[in-house]
Amino acid sequence: MSKIEAWQRLDNSAIIFPVMVTKRRQNNFRMQITLEENVDKAVLSGAVSTALARYPQFNVSLVSGAIWHYFIRNDRPVTVTDAEDTLMAPLPIFGKDRRPFRFSVSGNKIYADFFHALGDGTGIMEFLKTVLYAYITATGKDLGDVSDKVLLPSSQVDPEEYEDGFVKYYKPTKLKDLAISQMKGHKAFLIEGEAIEDNGKGYSQYVLDSKSVIDLCHAKGCTVTEYLGGVFAMAIYDAYIRGKGLKRRQLKDIQLFLPINLRRQFPSRTLKNFSLFSRVGFGTKEELTLDKCISIIHESLIRDTQKDLLHKKIITISRAQNLKVMKIIPLCLKKAIIRFSNIFFGRAKKTATFSNVGITKLPESMRPYVRNMQYSIWPSGTATYSMVANSVWDVLNVSLVKSIQDSKIEEQFEKQLEKDGLSFTVSRSVWAGAERKAVKARSAAVSESNI
């Protein structure tokens, strides 16, 4: 193993994530895989270890240094847990004996949770496809040659896979030319409600026919991202703003954050974080319609995906993290400064996140063994909702995840799908945000106090 694999800096866009961690707030995302057969935990554990040997940049623990957090190599065995025990408890992120991810299983489902500092959805998906390949072949199935879709465990590690794309495309720039003003944002409308017990999360997972959605979008003259994002924005508007008698000063913009994969305009094979976001604002002082929301998303994405602007934002982030003063300020002081700073990601500047991951490209030979794959983002802080869409095989998945008990957004979302003639199935679940033993202990304590 090379030196970079034994001790790694966090990439420039990942530095912020561990600094912002609290007991109730982590920037995590989940990938859920549904197989045709029940999952063997021991075989899965071996498959994850096999894949980690191919991805040294993910075979790490996250620790705190004097100046910054950093990754160190972790060769300890991977433990796969029962999903009913870990539920959606916060990841045990920090410490040399811990990992910034977790695999758990329930029946034929695999739940893979990742802390965002490890990588973005694009990079982590490549790792997960290798895990799937290792698991399926370890159970005696022959997948044939899938090297065009999967990085095989035996394949050569390309150093570009763990490069920092922000460093690669950084160039010295004068302060006046940085994209500071474009990244500041302003206060957003917040979706408030009674929190789910134990810091839990409520899931609504929709499965639709991909072709039906694509045909509808063609008829409307928009993309799938624009349509789903518009339906989500309208669901928020109809659930909490339209006809609710809010005063004008309460009518803040609905601000959706839409991730932008930088690899499309800035060639890179990195599997680490290499993405920015489009901040899409929907004014609420005048009546919104679905067509208007679709148009707003269309115009915002055109604006925010201009290569010159994206390059400025890359440079701005890289420069901020590499200022000389940032290299000497102790980590404890950095945390205080960043947490109280409202320059870029102020707590009240985002209503929700929506990400369309696109098509998950699996080898056709996996179809008999993999039924579905779904993505989700853990909502955190004041952004109590998130939505993620992805396609696999012939279906489009939409995952709505929330940290509050109210379900008005789901009701409005479903009404619009039905109005547009889209058929769907939906499964709902509530996951406690603490391990089962902690939930049981609290429940027992409450019961005893009521005797």
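## A tour by selection

Start by selecting Leu-87: with a relative accessible area of 16%, Leu-87 is buried (buried is under 20% relative accessible area, exposed over 50%, and partly exposed in between, with a 1.4 Å probe and protein chains only). Before going on, note that this is a predicted model, where local features need pLDDT of at least 70 and side-chain atom pairs count only at pLDDT 80 or more, while totals for chains, interfaces and linings use all residues. Residues are numbered from 1 along each chain as its sequence is written, and side-chain values use heavy atoms, leaving out hydrogens and water.

Stay on Leu-87 and look at the backbone. Leu-87 is not a glycine, yet its phi is positive, about 50°. Most residues other than glycine have a negative phi. You'll find Leu-87 in the loop between α4 (83-86) and β6 (101-106); helices (H or I, at least four residues) and strands (E, at least two) are DSSP runs, numbered from the N terminus.

Next, select Asp-198. Here too phi is positive in a residue other than glycine, near 60°. Asp-198 sits in the loop between α7 (180-184) and β8 (201-209), and is buried at a relative accessible area of 18%.

Now for Thr-22, in the loop between α2 (16-19) and β2 (28-35). Thr-22 is partly exposed, with a relative accessible area of 37%.

Switch to the surface and pick Lys-187, Lys-247, Arg-248, Arg-249, Lys-252 and Lys-285, which form a positive patch. Patch residues have over 30% relative accessible area and no salt bridge, and like charges are joined within 9 Å, nonpolar side chains (Val, Leu, Ile, Met, Phe, Trp, Tyr) within 5 Å. A salt bridge is a side-chain nitrogen of Lys or Arg within 4 Å of a carboxyl oxygen of Asp or Glu. Zoom in on Lys-247, in the loop between α9 (224-240) and β9 (254-261); at 52% relative accessibility, Lys-247 counts as exposed.

Finally, zoom out to the whole protein. It has 14 helices and 15 strands. Its radius of gyration, taken over C-alpha atoms, is 22 Å, close to the 22 Å from the globule rule for 451 residues, so the protein is as compact as a globular protein of that length. That rule is 2.2 Å times the number of residues to the power 0.38. Along the principal axes, the C-alpha atoms fill a box of roughly 60 × 60 × 55 Å. Color by burial, and 53% of the 451 residues come up as buried.

Conventions
Areas by Shrake-Rupley, 256 points an atom, 1.4 Å probe, with all protein chains shown as cover. Lys, Arg positive; Asp, Glu negative; His and termini not counted. Charge placed at Lys NZ, Arg CZ, Asp CG, Glu CD.
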